[in-house]
Amino acid sequence: MALFDKFKKKRENHQTEDMNQKNLTSPEAEAAEEEKISAVVDPLPPEIMEIEEEAIANPADHDMSDTETEENQLQTENEAEDGKTEKSKKGIFERFKLGLSKTRQNIGGKIDTLIKSNRKLDEEFFEELEEILIQADVGMETSLALVDKIRTTVKKQKLNDPLQVTELLQDAIAEVMGTEQVPLNIAAEKPSIILVVGVNGAGKTTTIAKLAYKYKQAKKKVILAAGDTFRAAAIDQLQIWADRTGVELIKHQEGSDPGAVVYDAISAARARKADLLIIDTAGRLQNKTNLMKEISKIRKVIEKEIPSAPHEVLLVLDATTGQNAISQARIFSEATGVSGIVLTKLDGTAKGGIVIAVARELGIPVKLVGIGEGMEDLREFSPEVFAQALFAND
Ligand SMILES: Nc1nc2c(ncn2[C@@H]2O[C@H](COP(=O)(O)OP(=O)(O)OP(=O)(O)O)[C@@H](O)[C@H]2O)c(=O)[nH]1
Ligand SMILES: [Mg+2]
């Protein structure tokens, strides 16, 4: 099958690249690494530049609904998290479902059509199922693994009704993703430090704003650090979020050393007995290898000050970049270490199957997902809820 061959080839190329990545001591190796990183760290697309500039000029219009509405929604969210009412739990699920609309139509819709086409559970059926999954960015390896699981169960239990496939697939998806929800590691000792990394435009700064909002609402003392000193606009953007959420921002001038910003931010967080320090980092530098070096340097500054920190290194990945997100994750985790993934813009893609591939292939838990531009649109990720939402009806 042509499509399979294409993906297989891609996968093989990818593995060769990974092997080439190990030895980086020679100038040639550095140059090769630089080129490789450049392939995933693209310059900021003009449309994102525009959105970003507009956000700085006019934050109220940019992305946030009015505060009262946000508060109401957050209240609903908190109630559900406390397990207080079934009704609010349903509300959260509905919102998550809505964020997944495009992917739901793509994966759930196509599978539904396949199932209802009065087909037998034969090889042809399984091949079509594989193809639907691959096209939704589930990735070849993971798609094959999922369908293999279903094929085995179908044979073992002698099933013959295609209608049973949805449930089998839901279980298989949750299983390959690790089933359990993995919460953020917020330490009892103060401050907990969250370092946020990722390529330009992935959604780092927005995610930090959403996190600050979430923890502020939970009555935690949050401090932000403007570790992206590469652009003045990045510092301004974070200042706007800090003002809107009512948290303190530690910042230096554009072009200053991010390590120094982080050092000051840790001192401030200690002095103010902050619960949480969240550090923004650059996604783009003149030289892409420098980006990795800079993040490693920031990490070292943190470790020197607080040996048990950073408590989380969150890698922000844009779900709309598809399989490229997996390459980015490999590079970042090798260079800086990554403890959790935030997959943003799930609302903007029909190929949300990437979540399944990321969760299975990287061995790093997906901890949060972004399902919109509103403050409340950052969700703790549960594989089980994701699998349910994928096949939920309207
Ligand atoms: N629809 C949608 N948009 C999002 C989401 N998360 C972030 N965005 C948008 O993505 C764009 C880029 O986000 P930023 O937070 O500025 O990205 P960044 O990683 O900080 O980028 P750099 O500072 O250039 O490295 C903004 O327009 C955000 O509003 C999401 O979950 N859904
Ligand atoms: Mg940013």
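# Reading the labels on a predicted model

User: Where does Lys158 sit?

Analyst: Lys158 lies in the loop between helix 9 and helix 10. The model is a predicted one.

User: Why is Lys158 called exposed?

Analyst: The label takes 12 or fewer other C-beta atoms within 10 Å. Lys158 has 6, so it is exposed.

User: Where is Lys273, and what is its phi?

Analyst: Lys273 is in the loop between helix 13 (258-271) and strand 4 (276-281). Its phi is positive, about 50°, although the residue is not a glycine.

User: Is Lys273 buried or exposed, and how do you know?

Analyst: Count the neighbours again. Within 10 Å of Lys273 there are 9 other C-beta atoms. The limit for exposed is 12 or fewer, so Lys273 is exposed.

User: What makes the contact of helix 9 with helix 10 oblique?

Analyst: Start with the angle. The axes of helix 9 (residues 140-156) and helix 10 cross at roughly 130° and come within 9 Å. Roughly perpendicular covers 65 to 115 degrees, and roughly antiparallel needs over 145.

User: Which hand does the crossing of helix 9 and helix 10 have?

Analyst: The crossing of helix 9 and helix 10 is right-handed.

User: Which residues of helix 9 and helix 10 meet?

Analyst: Helix 9 brings Thr142, Ala145, Leu146, Lys149, Ile150 and Thr153. Helix 10 brings Val165, Leu168, Leu169, Ala172, Ile173 and Val176. By class, the contact has nine nonpolar, two polar and one charged residues.

User: Why would contact residues on a helix be spaced three or four places apart?

Analyst: An α-helix has 3.6 residues a turn, so residues three or four places apart point the same way.

User: How do helix 10 and helix 16 cross, and why is that called oblique?

Analyst: Helix 10 (residues 165-177) and helix 16 (residues 354-362) have axes that cross at roughly 40°. Those axes come within 8 Å. Roughly parallel needs an angle under 35 degrees, and roughly perpendicular starts at 65. Roughly 40° falls between them, so helix 10 is oblique to helix 16.

User: Which residues make the contact of helix 10 with helix 16?

Analyst: From helix 10, Ile173, Val176 and Met177. From helix 16, Ile356, Ala359 and Arg360. Five of the residues are nonpolar, none is polar and one is charged.

User: What makes helix 16 "mostly covered"?

Analyst: Seven of its nine residues are buried. They are Ile354, Val355, Ile356, Ala357, Val358, Ala359 and Arg360. Helix 16 is followed by Gly363, which has a positive phi near 65°.

User: Is Val369 buried or exposed, and how do you know?

Analyst: Buried takes 20 or more other C-beta atoms within 10 Å. Val369 has 25, so it counts as buried. This residue is in strand 7 (residues 366-370).

User: What does Val369 touch?

Analyst: Leaving out residues up to four places away in sequence, Val369 touches Leu343, Leu346, Arg379 and Phe381. Val369 and Thr344 are 25 residues apart in sequence, yet their C-alpha atoms are 5.5 Å apart.

User: Which peptide bonds are cis, and what are their omega values?

Analyst: One joins Lys190 and Pro191, with omega about -5°. Another joins Ala309 and Pro310, also with omega about -5°. Most peptide bonds are trans. Pro191 lies in the loop between helix 10 and strand 1 (192-197). Pro310 is in the loop between helix 14 (288-305) and strand 5 (312-318).

User: Which residues come nearest to ligand 1?

Analyst: Gly203, Thr205, Thr206, Gly283 and Gly370 come nearest, of 27 residues around ligand 1. Helix 3 (46-57) and helix 11 (204-217) each supply at least two residues of the shell. By class, that shell has seven nonpolar, 11 polar and nine charged residues.

Conventions:
Residues numbered from 1 in each chain as written. Chains lettered and ligands numbered in written order. Predicted model: local features only at pLDDT ≥ 70, side-chain atom pairs only at ≥ 80, totals over all residues. Axes fitted to C-alpha atoms, helices over the stretch in contact; angles between N-to-C directions. Helix = DSSP H or I, 4+ residues; strand = E, 2+ residues; numbered from the N terminus. Contact = placed C-beta atoms within 7 Å. Nonpolar A, V, L, I, M, F, W, Y, C, P; charged D, E, K, R; others polar. Near = placed C-beta within 6 Å. Left-handed = near helix turned anticlockwise from the far one by under 90°.
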